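Visitor: I am new to this structure. Please show it to me, and then let us talk through a few questions.

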Amino acid sequence: MKESVIKNLKILREKGPLVQSITNYVVMNNTANALLAIGASPIMAHAKLEMADMVKIVNALVVNIGTLDEFWVDSMLLAAKEANERNTPWVLDPVGAGATPYRNDTLTRLLTFRPTIIRGNASEIMALAKANVQTKGVDSAHSSDEALAFGKQLSKEASAVVCISGAVDYVIDGDKLTRIKNGHELMGKVTGMGCTATALVAAFAAVEPDPYLATVAGMTVMGLAGEIAARKAEGPGTLQLYLYDALYHLKESEVKQWAKVEESDD
Ligand SMILES: Nc1ncnc2c1ncn2[C@@H]1O[C@H](COP(=O)(O)OP(=O)(O)O)[C@@H](O)[C@H]1O
Ligand SMILES: Cc1ncsc1CCOP(=O)(O)O
Ligand SMILES: [Mg+2]
């Protein structure tokens, strides 16, 4: 697993894939900068009139429903449909799933276009798997351990790779499971860390044909960069800044030494 992360980081930096995001107002700048820092090329685009043309030229797509509205939802559906038809990998970030019926209905419609990967926090994954949970807006009210069974169910039902993020990140592909124990609790104090993880996962999916390996690579790199940034940070503000530097400078030797990635049978 570690070797695959290292290989994919090298390929990503060589290829500089183009990643489109239809994402929320809160994180547009942060996720674009994180994509640049890791070596990808970001484009944020949500106009309905350019959607089909845009999806044709990108290497991966993020659909993040964080600040959805009726105009954006139309664009999201168009983009997801186009990506599905073209076999372009697309990653769904179900921000705030379970918070309102509008979010849940939109997610049900998006799922019909078969996301390649779904990355959410524990409450969001539980809500998507139809657990009867009350979520706390965009933040998780559950641990990733609590969501594991629901993540497995969702992966099978949606035929997608599912990532449940949290203190431990789980990456699930049907019966396959990887645990990633990197990251830092200060990451929970900066908005957009999950959205950034999703964007990185999309960048890896643009260069790695196996979405399971791409998700493991994206989440490992995010966790490591968060951990490295937290060593220098004095609080949430500096954590955000140091995260870009950590992504930019992340070395093969650091992945080898510090990645805590385990594939397991349960
Ligand atoms: N307590 C924690 N310890 C280590 N890493 C964490 C912790 N909480 C969040 N992270 C990391 O922060 C990133 C965002 O995860 P999360 O907070 O679950 O998503 P979201 O921002 O969508 O709620 C992931 O890379 C995750 O591993
Ligand atoms: C605060 C907020 N409100 C709508 S989207 C958003 C950002 C959520 O980002 P993340 O899920 O990565 O913390
Ligand atoms: Mg989130």
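Guide: One term to begin with: buried means under 20% relative accessible area. Keep in mind that this is a predicted model.

Visitor: Is Arg119 buried or exposed?
Guide: The cut-off for buried is under 20%. Arg119 has a relative accessible area of 3%. Therefore Arg119 counts as buried.

Visitor: Which residues does UniProt list for "binding site"?
Guide: The record here is an unreviewed entry.

Visitor: Why do they gather at one spot?
Guide: In sequence they span 47 residues. Yet no two of their C-alpha atoms are more than 7.3 Å apart, so they gather at one spot. The lining of the largest pocket includes both Arg119 and Ser165. The limit on their C-alpha atoms is thus 7.3 Å.

Visitor: Where is Ser165 placed, and is it buried or exposed?
Guide: Ser165 lies in strand 6, residues 161–165. Its relative accessible area is 13%. With the cut-off at under 20%, Ser165 is therefore buried.

Visitor: Which strand holds Arg119?
Guide: The strand in question runs over residues 117–121. Arg119 is found in strand 5.

Visitor: Which residue's side chain makes a polar contact with the side chain of Ser165?
Guide: Leave aside neighbours within four places in sequence. Ser165 is then in contact with residues including Asn121, Ser144 and Met219. Arg119 is also among them. The polar contact, at 2.7 Å, is with the side chain of Arg119.

Terms used
Residues numbered from 1 in each chain as written. Chains lettered and ligands numbered in written order. Predicted model: local features only at pLDDT ≥ 70, side-chain atom pairs only at ≥ 80, totals over all residues. Heavy atoms only, no water. UniProt positions renumbered as here; feature names shortened; annotations may be inferred. 1 Å grid on protein atoms, 1.4 Å probe; cavity = no way out; pocket = protein on both sides within 12 Å on 5 of 7 lines; lining within 4 Å. Helix = DSSP H or I, 4+ residues; strand = E, 2+ residues; numbered from the N terminus. Buried < 20%, exposed > 50% of the residue type's maximum accessible area, 1.4 Å probe, protein only. Contact = heavy atoms within 4.5 Å. Polar contact = N/O pair within 3.5 Å; in protein donor to acceptor, adjacent residues only side chain to side chain.
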